[in-house]
Structure formats: C-alpha cells, structure tokens
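Dear colleague,

I am handing over the structure below for your records. My notes on what was found in it follow directly after it.

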Amino acid sequence: MSSGVQIKPKTAVQKSKTSSPLPCSPEPATKPQPKPSDKLNPKTIDPFGTPSRTPSAFAAIYAKGGIPCRLVHGSVKHRLKWDCLPETVPFDPLLVTLAEGLRETKHPYTFVSKEGFKELLMVEGAAEKTIPLLPRLVPVLKAALAHSDDEVFERGLDALVQLSAVVGPSLNDHLKHLLTNLSRRLMDKKFKEKITVALQKLEQYGGKATVAIIKSKIPTYCSISS
C-alpha cells in the first residue's frame, strides 16, 4: 500500500516533469495576441483606407483602362503616353471624365487629369468637339473651383482658361456659373493675381461681351481694354 502511495507522488512528479514544457504553451497563445493589436496599430492601417475601398469615378475608370493614356515618369518631368493619337480619341465622354479628374488629390490621377485635359484641347478640331460638351463641362469645372483644396482650385482655374482659349465666346453663356467661386477666392491674397490674370484671359478669348458678364459678378474687375 505504502509502495503504492509512493508511486503516486512519483507519477505526480513525473507528470510535473512531463508538464514542464507547459510554460512554452503560452507561446502559441502569445503569437496570436499581436494579430488584433496589429489591426489597431496605426502603422499597419492606412488612415485613408476607407476611401480606397470606394474609389472615385475617375479612379475607377482609370483602373479599368478607360483613360487611354498613362503617366510616364521622367528624370526631369513626367509626361503622358497615349494609347492612340489624341486626335482620334472621342471627346465624349473622355474630356468630361478628365475634367472630373481635376478634383482628384492623389497621384497619378492629379497629373493624368490635368495634363490629359490640356493635351486633348490642343488637338486639331478641338473647338467643334468641345463646344457641344460645355453644358456638361461647366458644372464639373464649377465643382473644381469650389473645392476646398487649393491645388484642386488651381487646376480648375487653369482648365477654365484652357477651355476658354479653345471655345472662345461660346463660353460666355456659361461663364456666370463659374464666376461666383472666383469672386470668393479673389479675397485670398495668394490667389488674387492668378485669378486676375485668368479673368483677363477670359476677356481676351471671350471678347468684349465678356467684360459685362465678369463685372456682374466681380464689380471690381478692370477690363484690359480700359
């Protein structure tokens, strides 16, 4: 009996010896612990991850190959490479899509939309292709000019001047819809000169009738002909 009693503590010791590796068992438990913490770690989570799951219309179209040009990185500056000659590309809906891309704030969308819009307007016969699209282009440019991001506003302003250079007086009927945002930004000293130059360009391309339209929204505007 006593020997039997002695065997029990031995087996207990043996069990404790065999269970000595148990301190290693928490290791597997510690391994999964970082996993939930990783999810909460700001280094492993992109704070802008949510917008990336719901890309903008322009980003989605670009990702699907709907924009027939791509960014080419150069040692000095970037450029666009067109899949086909810009002259052969239908302006509808590409020009409107590029104008919508002016509101993008991420690379390469910012460059592709800005440069693509400009290069498309430079092709031969751009005026006759662009004028019918003005009713759709103007609201898009208005949204860019109303954007809180300064760079988006500047891209919208540059695009407006480029558009005016192509369509000329045809823009006058739509101009009043764009001037309110320019009037607001004119109060900002850093944009005052740039907007003034843009307004002078609009007058230059739009003709004398443009002066009255501009002054109806911006009474302080001084005509280049005065």
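Predicted model: local features only at pLDDT ≥ 70, side-chain atom pairs only at ≥ 80, totals over all residues.

T196 belongs to helix α12. A polar atom of its side chain lies 2.7 Å from the backbone oxygen of K192. Although T196 and L182 are 14 residues apart along the chain, their C-alpha atoms are separated by 9.3 Å.

The largest nonpolar core comprises 51 residues, and L171, L182 and L199 have the most contacts inside it. Helix α10, residues 150-167, gives the most to this core, namely seven residues. Leaving aside residues up to four places away in sequence, L199 touches L179, L182, I214, I218 and Y221. As a general point, nonpolar side chains in soluble globular proteins tend to be buried together.

Helix α11 deserves a separate paragraph. At L178, α11 bends by about 40°. The buried residues of α11 are N172, H174, L175, L178, L179, N181, L182 and R185. These buried residues pack against α9 (134-145), α10, α12 (189-206) and α13 (209-217).

Yours sincerely

Methods. Residues numbered from 1 in each chain as written. Heavy atoms only, no water. Core = buried A, V, L, I, M, F, W, Y, C linked by side-chain atoms within 4.5 Å. Buried < 20%, exposed > 50% of the residue type's maximum accessible area, 1.4 Å probe, protein only. Helix = DSSP H or I, 4+ residues; strand = E, 2+ residues; numbered from the N terminus. Contact = heavy atoms within 4.5 Å. Bend = angle between axes of the 7 residues up to and from the residue. Polar contact = N/O pair within 3.5 Å; in protein donor to acceptor, adjacent residues only side chain to side chain.
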